Amino acid sequence: MATSDPLFQVTGLASGIDWGTMIDKVMEQERKITDIWTTEKEKLEFKKDLYDEFSANFKTLRSSLTSLKLSSTYLAKTAELTNLGSSLDPSSVLSITATPDSEIARYDIEVTQLAQAHSVASKRIDDPTKTMADLITSFSGGSFTIGTGDNIATIQVTGSDTLSSLASKINSATTGDGKSIGITAKILDNRLVLTSNNTGEANAIEVTDTNGILNALEILNGTSFANTLKEAQDAKLMIDGLEVKRSSNEISDLINGLTFNLKGTGHVVADIVLDAEKAVNAINDFVEAYNNAIDWINIRVSEKPVDNPTEDYQKRIGMLRGDPLLWQTKSRLRAIISDPIATNSSFKMLSQIGITTESTDYGKSGKLVFDTDKFMEAMTTNSKDVASLMTTVMTKLNDFIGETVDNVPVTVGSTVVTKGRLATEVNYLNDRINDIDKRIADFENRLAIKEKGLIEQYSQMETALSQLSQQASWLSGIVSQLGMIGKSS
């Protein structure tokens with residue numbers, strides 16, 4: 001670009017010549033070569049944009065592989081419950097969570113008793129501000145012990161303690177080695193209510209009342225609880241005729257891979273079956289993402305450039321026609337999907353479990369179709385072999401996509417290079433764009449120098465013409481004077 005205004009610096013007042021326009025025309029002609037460079041740069045930037053689209057498609061495809069690389073996706077189990085002798089929802093009796101390690105089986109389960117936490121209450125104190133000294137004649141202080149199991153603490157009581165302060169002392173009490181006593185105390189309807197934090201007979205509340213404090217509150221009647229709200233009890237159930245007791249309603253140590261959550265009494269049949277829904281949904285998402293990526297490649301490598309494009313989107317069309325990176329990527333994807341896999345599985349190819357290339361146009365598109373029925377048949381036959389094949393193929397596919405679209409700097413010897421074929425291509429395009437920018441900047445600097453030279457040159461010419469004009473005027477004046485002298489003589 002020009003660094004000065006030729007119209008201002010070379011006026012042409014003396015000569016009448018428009019030097020500024022002449023300089024502009026010269027510089028405009030000189031700059032025409034930059035139009036070629038600018039067009040080349042624009043094409044490179046359009047190609048970068050298309051590669052960005054390529055990368056986005058394949059990153060979406062890669063994200064669809066996340067769950068498909070995990071064996072647990074194909075080995076997942078679920079429990080189907082049927083209520084016996086009742087129309088109630090079996091989930092009101094229990095729920096079962098199954099891990100992939102659980103066995104496919106049927107169990108007859110009858111829940112006869114739920115586990116519950118021990119809970120007791122004191123008598124109602126009409127005035128909750130009454131102190132222990134008010135409730136026990138001549139009481140100046142004492143203590144009682146309270147806890148569950150082996151976790152027992154001593155509660156020191158003073159004559160000024162109320163129901164509220166006793167509840168606070170119990171809630172903050174710990175054993176000698178700092179463990180919780182497993183009891184929560186609260187005030188309800190002016191009563192001190194004590195509840196075990198855990199269910200089961202082993203977690204029943206245990207107390208000793210040496211100084212008669214708990215008897216005065218009528219929590220105890222002698223050595224027995226006076227007002228039991230809930231008894232401490234274990235869960236009881238029959239599984240295939242075997243009687244089972246547990247302290248909790250959540251049971252995870254009964255059958256490998258199964259966790260029972262008891263909710264009520266009742267009789268159900270539980271079928272532990274294969275849960276293929278997650279796998280089917282994940283494969284459908286994968287096929288959709290894969291086909292979108294292949295569609296994009298098919299369009300870009302075959303579309304023809306638009307003649308005389310005017311819009312940016314038209315200029316992008318045909319930019320990747322026949323692009324070797326795209327062709328090679330498609331070829332490698334098809335090989336990973338179609339080639340046999342060396343595994344110990346009874347399945348060696350995805351086509352054996354329902355994932356095949358579409359038959360339209362002899363499969364030239366490379367797009368996939370998913371036969372759910374065939375997949376479910378394979379899963380029913382041997383889900384472990386399906387898992388082995390799928391995780392192997394999907395891991396290979398994930399690795400290939402990473403090699404293609406990752407942009408990670410790695411050190412090779414003393415040089416840092418970029419890992420990822422696409423990143424390498426983009427870096428090459430960026431280098432070319434930077435080279436063009438530098439070329440244009442250097443050229444503009446040279447043009448600025450040339451323009452300055454033209455300004456100086458034309459200024460000198462203007463000065464010279466001005467001087468010649470002055471000399472011509474002087475000579476004309478001399479001639480006129482001479483002519484007048486000749487006439488007068």
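## Sheets, turns and a pocket in a predicted model

At a relative accessibility of 48%, Asp189 counts as partly exposed, a class that lies between buried, under 20% relative accessible area, and exposed, over 50%, with a 1.4 Å probe and protein chains only. This is a predicted model, in which local features need pLDDT of at least 70 and side-chain atom pairs count only at pLDDT 80 or more, while totals for chains, interfaces and linings use all residues. Residues are numbered from 1 along each chain as its sequence is written, and side-chain values use heavy atoms, with hydrogens and water left out.

Asp189 is found in the loop between S7 and S8, where helices (H or I, at least four residues) and strands (E, at least two) are DSSP runs numbered from the N terminus. Its phi is positive, about 55°, although Asp189 is not a glycine. Most residues other than glycine have a negative phi.

S7 and S8 belong to an open sheet of four strands with the order S7-S8-S4-S12 and antiparallel pairing. The edge strands are S7 (183-188) and S12 (228-230), each of which pairs on one side only. Neighbouring strands of this sheet are turned by 25° against each other on average, with direction ignored; axes here are lines fitted to C-alpha atoms, for helices over the stretch in contact, and angles run from 0 to 180 degrees between N-to-C directions. Helix H6 (residues 163-172) lies across S7 and S8 and runs at about 165° to S7.

Which strands make up the open sheet of three strands, and in what order? The order is S6-S5-S9, again with antiparallel pairing. S6 and S9 stand at the edges with a single partner strand each, so one side of each is left without a neighbour in the sheet. The twist from one strand to the next averages 25°. H6 packs on this sheet as well, touching S5 and S6, and its direction makes about 150° with that of S6; contact means heavy atoms within 4.5 Å.

Strand S5 (residues 141-148) is mostly covered, since six of its eight residues are buried. Eight bridges join S5 to strand S6 (residues 151-158), and the two run antiparallel. Gly142 stands opposite Val157 in S6, and Thr148 stands opposite Asn151 in S6. S5 and S6 form a hairpin with two residues between them, and Gly149 in the turn has a positive phi of about 60°. With strand S9 (residues 205-208), S5 pairs in the antiparallel sense over four bridges, and the partner of Ile146 in S9 is Val207.

A further positive phi is found at Asn308, a residue other than glycine, with a value near 50°. Asn308 is placed in the loop between helix H8 (277-302) and H9, and Asn308 counts as exposed because its relative accessibility is 74%. Gln314, by contrast, is found in helix H9 (residues 312-316) and is buried, with a relative accessible area of 18%. When residues up to four places away in sequence are not counted, Gln314 touches Val306 and Pro309.

Ser55 lies in helix H3 (residues 32-63) and is buried, with a relative accessible area of 11%. With residues up to four places away in sequence again left out, Ser55 touches Val405 and Leu422.

About 230 Å³ of space lies in the largest pocket, the volume being the space filled by probe spheres set on the points, which are joined across faces, edges and corners. The largest pocket is lined by 13 residues, of which Lys77, Ser102, Ile104, Ser383 and Lys384 lie nearest its centre. Helix H11 (residues 372-405) gives the most to this lining, with five residues. The lining divides into six nonpolar, three polar and four charged residues, where Ala, Val, Leu, Ile, Met, Phe, Trp, Tyr, Cys and Pro count as nonpolar, Asp, Glu, Lys and Arg as charged, and the others, Gly among them, as polar.

Terms used
Pairing = 2+ DSSP bridges. 1 Å grid on protein atoms, 1.4 Å probe; cavity = no way out; pocket = protein on both sides within 12 Å on 5 of 7 lines; lining within 4 Å.
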